[in-house]
Amino acid sequence: YTYTCNNITDDMREYKITSTKSIITSLDYILFSLFLLTTISRIISQGKLGISFSMVLFGVLLIGHLFIRFQSAKEESLLVIKDMGVQLNKKSFGGKEKKIFIDKTKISGVFINEGCVHFSWIYYMAFRIHDHDQLILAFEELLPRRNV
Amino acid sequence: PFVQRRMQRENNNTTHDGNKSKGFRIAMVSDFFYPNMGGVEEHIYSLAQCLLRRGNKVIIITHQYGERKGVRYLTNGLKVYYLPVQAFYNQNTFPTFFFTLAPIRNILIREDIKIIHCHQAFSTLAHESILHGRTMGYKVCFTDHSLFGFADSSSIHMNKVLKFSLSDIQHVICVSNTSKENTVLRAQIDPNLVSVIPNAVDATAFTPDPSSRSPDKINIVIISRLVYRKGIDLVISVIPIICKRFPNVNFIIGGDGPKKVNLEEMREKHQLHDRVELLGAVKHSDVRNVLVRGDIFLNSSLTEAFCIAIVEAASCGLLVVATKVGGVPEVLPPHMIRLADPRSDDIVEKLTEAIALIKSKDYEPFQVHKQIRSMYDWNDVAARTEVVYNRITATPSVGLFDRLRRLHGCGIWAGKVNCVVAAIDFFIWKFLEWYQPGSSIDPAIDWPTPPPSSSSSSSDGTLYS
């Protein structure tokens, strides 16, 4: 991923993390090639284009994986507006954008803490809101490294 | 190639920032830790605090307790990792062999740990971390806190597991000489690999208070879990005899367990409601207040590696009567303790002697407390443990095939199973090194350490200053 920090104006600053990976990953290539392989072996063995279980399996896996990639984040940013609040923005590969604006008065605390995610331990940044039990995470998927 | 990569990690004690720290970087692993209360937990906590004060870096890894998951900080910046793995029996993690490799590897890399110190043979997490630590090339040491038998089926299995873990370990620490003999025989390891470092007690928390005692009555205090192993059956047979013989002697019993019902039955049968007080479970912070009410402390355990309860009682100025089992004879000097065979008649005899001594007013609680304070100090334990760490840091690395050779020697069938387990662990580790390389793991920020305290035998000996 790449990290950029833009000073839009004196009062606004945006911290953006962009994923450098493309939407089609190496896993997709592997799945596609397996799909082709099973299709060709089916054609060779049966002489015509039929449907076999492995073709369907790899086809479904490929489509499923592409679908998940569409949902995952391409770009995440944190826009800090002085005296007003914070806006969290998440853009996915499919083009969907999710924006959350947190009013400055509602923030009761901002902190960076360690937590466990999928059996690894990471630093995350979170906002604590008045009257809300759950924390709002800053960079949900594209996690910046600690020095950032 | 397997040996080389590990040696790169070994010989420098520098942190990620490049600062040379004089202290060791230790991870203590056990299933048993705060908020669970007990001897092992106390030991780990006290030892960790003293090592921190001496300028080392210590973290603790344990499993989740209810909602308590993730990272927590205790006094002086002691970082505790509550791994999100579930306990399944007696606060022990469900043994999965390989699923703990990923989180433990992640923790060890991000904290830049050099030494893994595991506690308690019962703890499955400790055994797994010994396996993973050795696969990844870290120096590992193990502390055993209990004695085991050899004859019943649970002991046989436990000993086999212990043999697997300890066949490839740098050092073992036992809490008494009896415990050392027991461990060496059970795990069939070289006695030179085993050191004896007794437990200690925080003498500042256990001070005598003779004003709490009743002037015309003699109180005998018993604080333990009310289970068979702690000899409660002996207590049940001793109490009526003593109460009949000495009309001014009362009993105060603290603790809970399955044998409490039997105690209540005995009390009912002999109508001793005003002579025997049952307190129920006593919180650890209240133990001292219960102890100072007594003149004599009775411990009737059937087996004990090192009884910390009697040291706490002696530190509060009580005269101790205990059964001569396990490591108990090594703990206190003869003038502070009366040792009895684990039979009710001998316990009655020793209690009679103790009562006579208390009546003669010859027993000085403050003097005894002062002696205990000079004998047992956690800072001393920490200094001796550092000697062990020094020794294990200097041991050479062992390649994979040497490890497999050692594991293979555990038995005809067990040896082969052990090798398979170790080999699979190695492959999983290599996969993780490719999938999540060390460079992709953010190093953790160290808690700022205060300058280490000057001498090991500091006069105040407090843990909480």
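How many residues does the contact take from chain B and from chain A? The contact takes 23 residues from chain B and ten residues from chain A. The legends below refer to a predicted model.

**Figure 1. The interface of chain B and chain A in the predicted model.** Between chain B and chain A an area of about 1400 Å² is buried, and carbon and sulfur atoms give 52% of it. Three residues, B:Pro84, B:Arg110 and B:Asp442, supply 33% of the area that chain B buries against chain A, more than any other three residues. The size of an interface is often expressed in this way, as the accessible area lost when the parts come together.

**Figure 2. Polar and charged links between chain B and chain A.** Two salt bridges are found across the interface. In one of the salt bridges, the side chains of B:Arg110 and A:Glu114 meet at 2.4 Å, N to O. Residue pairs in polar contact between chain B and chain A number five, with both residues at pLDDT 80 or more.

**Figure 3. Elements of chain B on the side that touches chain A.** Strand 3 (70–74), strand 4 (78–83) and helix 3 (101–110) of chain B each give two or more residues to this side. Helix 3 of chain B gives the most, with five residues. Sorted by class, the side of chain B that touches chain A has 14 nonpolar, five polar and four charged residues.

**Figure 4. The tilted aromatic pair of B:Phe122 and B:Phe148.** Over all chains, the structure holds 13 aromatic pairs. In the pair shown, B:Phe122 and B:Phe148 lie 5.1 Å centre to centre, with 50 degrees between the planes. The pair links distant parts of the chain, 26 residues apart: B:Phe122 is in the loop between strand 7 (115–119) and helix 4 (124–136) of chain B, and B:Phe148 is in the loop between strand 8 (139–144) and helix 5 (153–166) of chain B. B:Phe122 counts as partly exposed because its relative accessibility is 35%, whereas B:Phe148 is buried, with a relative accessible area of 12%.

**Figure 5. The stacked aromatic pair of B:Phe431 and B:Tyr435.** The ring centres of B:Phe431 and B:Tyr435 are 5.7 Å apart, with 10 degrees between the planes. The two residues are four residues apart in helix 15 (residues 414–435) of chain B, so about one helical turn separates B:Phe431 from B:Tyr435. B:Phe431 is partly exposed at 46% relative accessibility, and B:Tyr435 is exposed at 59%.

**Figure 6. An aromatic cluster in chain B.** Ring pairs link B:Phe426, B:Phe427 and B:Trp429 into this cluster.

Definitions and conventions
Residues are numbered from 1 along each chain as its sequence is written. Chains are lettered from A and ligands numbered from 1 in the order in which they are written. This is a predicted model: local features need pLDDT of at least 70, side-chain atom pairs count only at pLDDT 80 or more; totals for chains, interfaces and linings use all residues. Side-chain values use heavy atoms; hydrogens and water are left out. Contact means heavy atoms within 4.5 Å. Buried area is the accessible area (1.4 Å probe) that two parts lose on being put together, summed over both. A salt bridge is a side-chain nitrogen of Lys or Arg within 4 Å of a carboxyl oxygen of Asp or Glu. A polar contact is a pair of N or O atoms within 3.5 Å; within protein, one must be able to donate a hydrogen and the other to accept it, and residues adjacent in sequence count only if both atoms are side-chain atoms. Ala, Val, Leu, Ile, Met, Phe, Trp, Tyr, Cys and Pro count as nonpolar, Asp, Glu, Lys and Arg as charged, and the others, Gly among them, as polar. Rings of Phe, Tyr and Trp (its six-membered ring) pair if their centres lie within 6.5 Å; planes under 30 degrees apart count as stacked, over 60 as edge-to-face and the rest as tilted. Buried means under 20% relative accessible area, exposed over 50%, partly exposed in between (1.4 Å probe, protein chains only).
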